[in-house]
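Take a look at the fold below. We will follow its charged pairs, then a pair of helices.

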Amino acid sequence: MRKSTILIGGGVIATHYVRGLENSETLRLDALVDTNPDCAARRLFSVPFFTDVNEALRLEPQVAILALPVALHGPVACELLSRGVDVITEKPMFATLREMDESLAFARECGRELVCMFHWTAASEVRFLKENLHRFGRIKSLFTEVRDDYAATADGSIRADRRGLMGAWLDSGINILSYFDEIVDLGEAVLAGEDIETDVRSGLPKYVRKEFRAGDVSAVIVVDWRENNESKISRIECEAGEIFVNHMEQEVRLNGEVIFSCPVADRLSSHYENLFRDFSPGRAAAGKNTVLLHNLLFKGCAK
C-alpha cells in the first residue's frame, strides 16, 4: 500500500517531481504545501494546496518530502518527526554536519525515519554504469565537471535566486559524490587537494575543484558557475579504456563508441521518476550511506 505523503516546498525543483510521484509504487501524494500561493509547482499537481503545514498535517500523512532551501531543513524536519511523520529531504540533507547528526539522533528518539534523496544515483546513465562495472574492469580515475550559469552575471556574482543553494560545492558536490559512490568505494576517501573561487558579494563558492583519493583511485570534481553555459560530463579511466559520460544527454561512450543512450527532454524529471518509483524512507535508510557522503562534502574525509 502506498504511503500518504505531503510535499513541502513548491519551487522549481518540485516541478520535476510530478511524473515520479504520479507513478510511484510506494508514495501517494495527498497535498502540496508552500507559503507562496503562486509557487511554480502548484498548477502541476492535482492535490489540495496549503500555505500552512499544520493544515496539511490534519490529513495525517505518513511521509513528508522537503523540497526547501537547505537552511530550512532542520527546523521543519524536526517538527515533522516530533509529530510522527517520516521525512525525506532534498540533498544536501542539512547545512552542517552537526545539524545532520543531531537531527538523525532526534529521528531515532522519535522512532521515525529521516532520509536524504540523492537524485544523481537514479540517473539512467549512472544506473547503467553501476550495472555494467564488470565490463569495464578496474576503475583507475574519475573526473566530473558540472557547469551552470549561476554566476555568469554582469559583475560575476551569484544570482540572487540561486544563493539559497549555498554555493557551487554544496549544490553539486553532493550529487557527484553520491554518483561516485555508486561505482567506487569511497569508504576510505580523503581530500587530496582543492581550489576554490568565492563570490565576493555572497561569500559563497562559485568555482570549486576538489581531488579525492579513494584507495588508488583519483576522483576529481569541478563545479563552475562562472560561464554562460551548462554542461555535465564525466571521464572515467578503466582497464577497458576511457568512458565518457554526457550526463545532460544520459549517454555513455566507451573508447568513443556509444554503449548507452537514454535521451530525454527533462533529465531531472527522469531522475526523480526513477527515484520515486520504489522509494520509501525505510528502504532508503538501509541503503545509501548518508553520513559518509556528508562527511566528504563537509570535512573532506569519509570518517
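Which residue forms a salt bridge with Asp-216? Arg-138 does, with the closest N and O atoms 3.4 Å apart. A salt bridge here is a side-chain nitrogen of Lys or Arg within 4 Å of a carboxyl oxygen of Asp or Glu. Asp-216 lies in the loop between β9 (205-214) and β10 (217-224), and Arg-138 in the loop between α6 (133-136) and β7 (139-147), so the pair ties together parts 78 residues apart in sequence.

This is a predicted model: local features need pLDDT of at least 70, side-chain atom pairs count only at pLDDT 80 or more, and totals for chains, interfaces and linings use all residues. Residues are numbered from 1 along each chain as its sequence is written, and side-chain values use heavy atoms, leaving out hydrogens and water.

By the salt-bridge rule, the count comes to 22. Glu-197 and Lys-206 meet in one of them, at 3.8 Å from N to O. Lys-206 is buried, with a relative accessible area of 11% (buried means under 20%, exposed over 50%, partly exposed in between, with a 1.4 Å probe and protein chains only). Glu-197 is partly exposed at 31%. Both belong to a salt-bridge network that also links Glu-145, Arg-147, Asp-224, Arg-226 and Glu-227.

Now the helices. Helix α3 (residues 73-82) and helix α4 (residues 97-110) pack at an angle of about 10°, with axes 9 Å apart. The two are therefore roughly parallel (an angle under 35 degrees). Among the α3 residues that meet α4 are Cys-78 and Leu-81; contact means heavy atoms within 4.5 Å.

Key. Axes fitted to C-alpha atoms, helices over the stretch in contact; angles between N-to-C directions. Helix = DSSP H or I, 4+ residues; strand = E, 2+ residues; numbered from the N terminus. Parallel < 35°, antiparallel > 145°, perpendicular 65-115°, else oblique.
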